[in-house]
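Colleague: Could you walk me through this one? I would like to go over helix packing, charged pairs and sheets.

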Amino acid sequence: MTDILTVQGLHKTYKSGVVALHPTDLGVRKGEIFALLGPNGAGKTTLISLICGLVMPSGGHVGVDGHDHVKDFRAARRMIGLVPQEMSVDIFTTPMRAVKLTRGLFGKKPDDAYLEQLLRDLSLWDKRDSRLIELSGGMKRRVLIAKALSHEPEILFLDEPTAGVDVELRRDMWNIVRRLKERGVTIILTTHYIEEAEEMADRVGVINKGRLLLVDEKNHLMQRMGKRQLIITLQHPIDAIPASLGAHGLALSEDGTKLTYSFDGNAEDTGIPQLMAAMQAEAIAFSDLDARRSSLEDIFVDLVQEDRSKAA
């Protein structure tokens, strides 16, 4: 699969000396959903703003389907739709006027049928002639999404699209994302809702302190770095883990009723048979076993903590 977006050595340092983004290389494939994860201030919005031409880079190159984002800015920007975190709309306009204006600004011919369907998909059709000042915060967010999609972009950036929005909008948003993916649109999103990235994304990038720590297939990342846990519910509480079980790295719950054993699910020897034998030797009986795998959130936290420890 070819890359529709290429980033090479892109970086940003402000006059104050603050490095917002270290030199970054990234390729995003046509038609994929790419999730960029990172804590507040990690550089997610900076990277998106540089790619979309909202912030001038200190150096590096961005290619959008072969178009240089500086030398051929109009052609590159025409392929991009952006849903920003912050509201940036005329509060006295209406949803219909907003999408028509944005579509025209990108040089697209009028298409009332497309815009009607877009507003219907976002539950905005009944509010199409209402002024934005009269709409709720959730409805204004829907208008931002509609504006970003009004010119039928090939690449859609969603910067924290569901942060602080209602459940209904979140559901509508992801339904639209799925349909766009089916049409071959490339979607790049940043999110704090890691469970959404885990469900939706094909690949994941992790960024922290302006550095892109890794990019990997979501499933491969889960397999490569994901740990598994065995939760053992005991028949009778214990006050402490016996010394003979110390080598297994067990964790005891506060109430003494559960033992947690972490292991590598990909390893040939998980150590579980040895643990069960050791428990039997100590006459520790259990009533239930529950195996769990690490979530993408667990992996993200581990990566960020590892990055912080390296920097310390």
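Modeller: What follows is a walk through some local features of this model, which is a predicted one.

Colleague: Let's start with H4, then. Which residues of H4 are buried?

Modeller: H4 runs over residues 112–121, and its buried residues are Tyr114, Leu115, Leu118 and Leu119. Those residues lie on the same side of H4, because the arc they cover around the axis is only 130°.

Colleague: What do the buried residues of H4 pack against?

Modeller: They pack against two helices, namely H3, which spans 95–105, and H5, which spans 137–149.

Colleague: And which exposed residues does the face turned away from the buried side carry?

Modeller: That face of H4 carries Asp112 and Ala113, both of them exposed.

Colleague: What follows H4?

Modeller: Serine 123 follows the helix, and its phi is positive, near 55°, although serine 123 is not a glycine. Serine 123 sits in the loop between H4 and H5 and is partly exposed, its relative accessible area being 34%.

Colleague: Where does lysine 209 lie, and what is its phi near?

Modeller: Lysine 209 is found in the loop between E9 and strand E10, the latter covering 211–217. Its phi is near 55°, which is again a positive value in a residue other than glycine, and lysine 209 is partly exposed at a relative accessible area of 49%.

Colleague: Switching to charges: how many salt bridges does the structure hold?

Modeller: There are ten salt bridges in the structure. One of them joins the side chains of lysine 30 and glutamate 154, with an N to O distance of 3.5 Å. That pair links distant parts of the chain, 124 residues apart, since lysine 30 is in the loop between strand E2 (19–29) and strand E3 (33–37), while glutamate 154 is in the loop between H5 and strand E7 (155–159).

Colleague: How exposed are lysine 30 and glutamate 154?

Modeller: Lysine 30 is partly exposed, with a relative accessible area of 39%, and glutamate 154 is likewise partly exposed, with 32%.

Colleague: What about arginine 203 and glutamate 32, are they buried or exposed?

Modeller: Arginine 203 and glutamate 32 are both buried, and their side chains meet in a salt bridge at 2.7 Å, N to O. Arginine 203 belongs to strand E9 (residues 203–208) and glutamate 32 to the loop between E2 and E3, so the pair ties together parts that are 171 residues apart in sequence.

Colleague: Which side chain does arginine 103 meet in a salt bridge?

Modeller: The side chain of arginine 103 meets that of glutamate 152 at 2.9 Å, N to O. Arginine 103 lies in helix H3 and glutamate 152 in the loop between H5 and E7, so this pair ties together parts that are 49 residues apart in sequence. Arginine 103 counts as buried at 5% relative accessibility, whereas glutamate 152 counts as partly exposed at 28%.

Colleague: Now the rings. How many aromatic pairs does a search of the whole structure find?

Modeller: The search finds one aromatic pair. It consists of tyrosine 261 and phenylalanine 263, whose ring centres are 5.8 Å apart and whose planes stand at 15°, so the pair is stacked. Both tyrosine 261 and phenylalanine 263 are buried.

Colleague: And what lies over the face of tryptophan 125?

Modeller: Arginine 128 does, at 4.0 Å from the ring centre.

Colleague: Last topic, the sheets. What order do E12, E13, E11 and E14 take?

Modeller: They form an open sheet of four strands in the order E12-E13-E11-E14, with antiparallel pairing. Strand E12 (251–252) and strand E14 (286–293) are at the edges with a single partner strand each, so one side of each has no neighbour in the sheet. E11, residues 228–234, pairs with E14 over seven bridges in the antiparallel sense, and there threonine 233 has aspartate 288 of E14 as its bridge partner.

Colleague: And the sheet that holds E2, which strands stand at its edges?

Modeller: E2 and strand E5 (67–68) do, each with a single partner strand, so one side of each is left without a neighbour in the sheet. This open sheet has four strands in the order E2-E1-E4-E5, and the pairing is antiparallel. Strand E4, residues 59–64, pairs with E5 over two bridges, and the bridge partner of glycine 63 in E5 is aspartate 68.

Key. Residues are numbered from 1 along each chain as its sequence is written. This is a predicted model: local features need pLDDT of at least 70, side-chain atom pairs count only at pLDDT 80 or more; totals for chains, interfaces and linings use all residues. Side-chain values use heavy atoms; hydrogens and water are left out. Buried means under 20% relative accessible area, exposed over 50%, partly exposed in between (1.4 Å probe, protein chains only). The arc is that of the directions from the helix axis to the C-beta atoms. Contact means heavy atoms within 4.5 Å. Rings of Phe, Tyr and Trp (its six-membered ring) pair if their centres lie within 6.5 Å; planes under 30 degrees apart count as stacked, over 60 as edge-to-face and the rest as tilted. A charge sits over a ring if NZ of Lys or CZ of Arg is within 6 Å of the ring centre and within 35 degrees of the ring normal. A salt bridge is a side-chain nitrogen of Lys or Arg within 4 Å of a carboxyl oxygen of Asp or Glu. Two strands pair if DSSP finds at least two bridges between them.
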